[in-house]
Amino acid sequence: MSPFGITCVICTLCLLSVTVVHSCEVNADQAAPDGCGLPSKLANFQGYFECNNNVVVGKPSTLLELQAQVQSYDHVKAVGVGHSWWQQQFCSGADSSSVNIVLTQMNSTLTEIENPSQDAAGQATMIVNEDVGIVTVQAGIPQRDLLDYLANYSSKKAPQGYTLPAFSWFIDQTIGGAVATATHGSSFLHGSLSNQVTSIQAVLANGTLANFSPHSNQHLWRAMQVSVGRLGVITQLSLSIVPQQAVQRAEQDMTVAQFAQQMKQVQDAYTQAKQTGSSEAIWTALHSLNETQCFWFVPTGDLWRVDYQRLEEQPEDAMSSSTPEVTAQDGPDSDVGTYAQQEQQPVSPNGLINANAQTWSNTFATGLRSVVAPGTYEARNAYLSQSEQMNVASSNFAPYDQYEVSIPMDIAGDCLQMVLGEIDSKQLGQGFRTPGLIRFVSQETGYLSPTSDGPRMFVNLEDYLSHTTGQPNTQFQTVISLFHDKCQARLHWGKAGWPEHEPCYDGSVHLPDTWCHFGCAVQELDPTGKFASESNVWDWTASKQGQNVTFSSCCGPDGFNSLERYKIMKVIQKQPVLIAEVEMMPEEDDTSPQARQLAADLVTIVKQLIELNVKMRKIKATESELNPPELTDLHPSRLSFFIASLLLDNYMQQQALLSLDSTVERLEIEKEVLGNTLKYLSARYALQGAFSPAATGTEGEADEQPPTAGPD
């Protein structure tokens with residue numbers, strides 16, 4: 001077929017005049033993906049990755065009904081609109097004791113989509129709290145509805161409305177599912193949606209309703225931030241919001257090789273900045289890629305780089321307040337709220353996709369050109385997101401699998417250059433049809449966040465061939481393998497590739513600093529494995545002195561009790577009781593000048609940690625809070641024992657510190673530990689974007705601070 005013929009097909013799809021809602025939330029009068037069976041058939045939005053037919057569909061209409069369903073079944077999984085490519089993780093189980101609960105069928109959620117201001121009782125169900133800058137929303141609400149609602153929320157404080165600080169390209173998934181899987185846009189400042197959430201409400205394995213926030217239980221909060229549905233059914237969330245503002249979008253055409261060279265320069269600057277421990281240096285190294293998004297046309301080697309600048313002035317022609325038309329579907333009547341699945345044919349293969357890869361690449365470039373057009377827009381429209389028409393058209397055209405890999409910024413440039421070399425030498429671009437999407441995300445605190453240990457480059461790629469041809473797309477899979485095997489890549493929690501590339505996933509290898517902490521949260525919240533799904537990744541083991549022990553025996557209130565790990569967050573967590581604990585500790589006679597100087601240095605570091613904590617939590621501190629007068633009078637030995645107990649676990653206290661006779665030697669060790677703690681937290685603070693305009697030399701960016709957590 002000629003390029004013109006293919007272009008005609010794509011244009012016809014992209015220009016469909018339809019009134020659409022969100023993937024599977026449609027009725028007979030609305031266009032939707034042809035193969036989507038939800039909320040009646042348990043499969044993804046194109047009808048693939050089906051669950052066993054014996055698995056029951058749960059359609060609770062109320063919170064009480066949802067809690068009852070969780071209690072009544074042995075295996076439970078919450079689903080939204082089916083934007084998933086991992087059957088084992090999507091399905092709750094394989095028999096009639098398993099239920100997949102469809103959150104879009106809650107009465108409050110259906111009413112919200114239909115009338116985004118009131119629930120069935122006439123009360124608001126998406127609640128904006130302008131005083132603290134958060135919005136509270138039902139978990140089954142699609143991200144698109146939330147964004148549109150915020151954009152049209154006008155007040156004296158924000159006459160142009162609000163938006164999320166950073167949001168994703170695909171916005172038709174439920175907000176609960178998006179947060180649970182660390183769905184993201186591109187931001188070294190705000191991070192993923194999981195990093196923007198300030199509180200979570202969930203139904204636990206025993207059917208009770210629980211609330212989580214950074215202030216209630218830091219350990220469980222870090223587990224809930226990216227829970228992948230493993231800890232419970234999320235029912236409600238609060239997220240940070242920012243006022244709408246004008247954003248200038250710029251676009252550059254280049255080759256992907258040129259972009260890889262830019263990545264290499266950022267990588268080198270970042271690795272050097274990390275060695276200094278300077279938050280300012282780290283931000284300076286990464287700033288050029290903050291919010292950057294790229295379309296990568298793999299067969300042709302072309303790349304579109306899109307960058308943004310937030311403007312202080314608000315040009316009227318850039319700010320709009322159009323209200324999209326949204327409607328919803330009512331589920332069938334039922335007294336129980338659970339149903340057998342109904343059959344649905346998946347999206348059919350499309351032989352057109354077998355045409356020349358370069359032709360398809362150019363065709364999609366033509367269709368996407370207007371999406372990246374430079375100009376000044378309101379934030380909601382400036383940052384890239386897929387329109388509803390594009391979503392339905394691409395979903396119906398041909399079945400595809402979506403993959404995403406994330407690569408540490410420490411090696412991102414080297415990795416991309418290596419992969420490009422392999423693509424060119426082995427003509428691997430022939431396995432691609434749609435463009436890849438490159439984005440960037442900051443370091444985050446969630447245990448299962450892909451960026452839990454540092455910022456990463458994310459590459460989203462789609463395989464349009466394997467379902468249509470019935471054969472493995474070896475060229476495409478080779479590229480995924482290169483990223484995965486050679487670049488320390490992590491797979492997205494809700495996308496494809498797990499059975500092929502992680503058949504024996506070991507979380508302690510991929511997430512060595514946080515995996516076991518998440519396992520301890522599982523032991524506390526879901527000890528029987530109700531939310532384990534069919535996936536084999538949820539496995540934890542432990543040993544002491546070479547002997548296997550029960551994993552739960554190694555768990556404490558703060559997570560996994562590793563014998564080698566410094567508990568650096570204790571400085572933050574226990575600071576309020578510092579004085580009380582110190583007063584209870586015995587003095588020692590060693591008060592040599594060297595010990596006193598070391599103690600004074602430690603006091604300075606503790607003050608800096610307290611001040612950093614205030615900044616990170618955005619608490620307005622008084623001078624006395626930043627400089628507790630008692631700290632200046634602490635006896636060096638008492639300070640020594642206190643910090644030792646604060647930072648080191650029992651084993652290290654007994655074996656490493658208490659065996660030392662010299663107070664000076666102890667103080668030297670503790671000064672090094674605290675100094676490293678300060679460097680670590682300062683670096684994390686910088687990577688989260690918590691910097692002052694004065695520190696960076698940038699004006700007009702005060703609104704780009706990390707969000708303030710809302711009330712518990």
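Good morning. Phe297 stands opposite Asp302 in strand 13, and that pairing is my way into the structure. The model is a predicted one, in which local features need pLDDT of at least 70, side-chain atom pairs count only at pLDDT 80 or more, and totals for chains, interfaces and linings use all residues. Residues are numbered from 1 along each chain as its sequence is written, and side-chain values use heavy atoms, with hydrogens and water left out.

Let me stay with that first pairing. Strand 12 (residues 293–297) and strand 13 (residues 302–310) run antiparallel and are joined by five bridges. Strands here are DSSP runs of E with at least two residues, helices are runs of H or I with at least four, and both are numbered from the N terminus. Two strands are said to pair if DSSP finds at least two bridges between them.

Which sheet holds these strands? They belong to an open sheet of eight strands, ordered 15-11-13-12-17-18-16-19, with antiparallel pairing. Strand 15 (375–378) and strand 19 (490–491) form its edges; each has a single partner strand, so one side of each lacks a neighbour in the sheet. Helix 16 packs on this sheet and touches strand 12, strand 16 (401–408), strand 18 (456–463) and strand 19. Contact here means heavy atoms within 4.5 Å. The direction of helix 16 makes about 165° with that of strand 18. For such angles, axes are lines fitted to C-alpha atoms, for helices over the stretch in contact, and the angles run from 0 to 180 degrees between N-to-C directions.

Helix 16 also has a helical partner. The axes of helix 14 (residues 412–426) and helix 16 (residues 474–486) come within 10 Å and cross at roughly 145°. The crossing is right-handed; by convention, a crossing is right-handed if the near helix is turned clockwise from the far one by less than a right angle, and left-handed if anticlockwise. On the helix 14 side, the contact involves Cys415, Met418, Val419, Glu422 and Ile423, which meet Val479, Leu482, Phe483 and Lys486 of helix 16. By class, the residues of this contact are seven nonpolar, no polar and two charged. In this scheme Ala, Val, Leu, Ile, Met, Phe, Trp, Tyr, Cys and Pro count as nonpolar, Asp, Glu, Lys and Arg as charged, and the others, Gly among them, as polar.

Strand 4 and strand 5 (residues 134–138) are antiparallel and share three bridges, with Val128 having Val135 of strand 5 as its bridge partner. Strand 5 is then joined to strand 9 by five bridges, also antiparallel, and there Ile134 is partnered by Ser240. Strand 7 (residues 197–203) and strand 9 are antiparallel too, with six bridges; Ile200 stands opposite Leu237 in strand 9.

Why is strand 9 described as largely enclosed by the rest of the structure? The reason is that seven of its eight residues are buried. Buried means under 20% relative accessible area, exposed means over 50%, and partly exposed lies in between, with a 1.4 Å probe and protein chains only.

Phe49, in the loop between helix 1 (3–14) and strand 1 (56–58), has a positive phi of about 60° although it is not a glycine. Its relative accessibility of 23% makes Phe49 partly exposed. Gln427 likewise has a positive phi, about 50°, without being a glycine. Gln427 lies in the loop between helix 14 and strand 17 (436–441) and, at 58% relative accessibility, counts as exposed. Gln344 sits in the loop between strand 14 (338–339) and helix 11 (357–368).

I close with the whole protein. Its secondary structure comes to 27 helices and 23 strands, and of its 712 residues, 59% count as buried.
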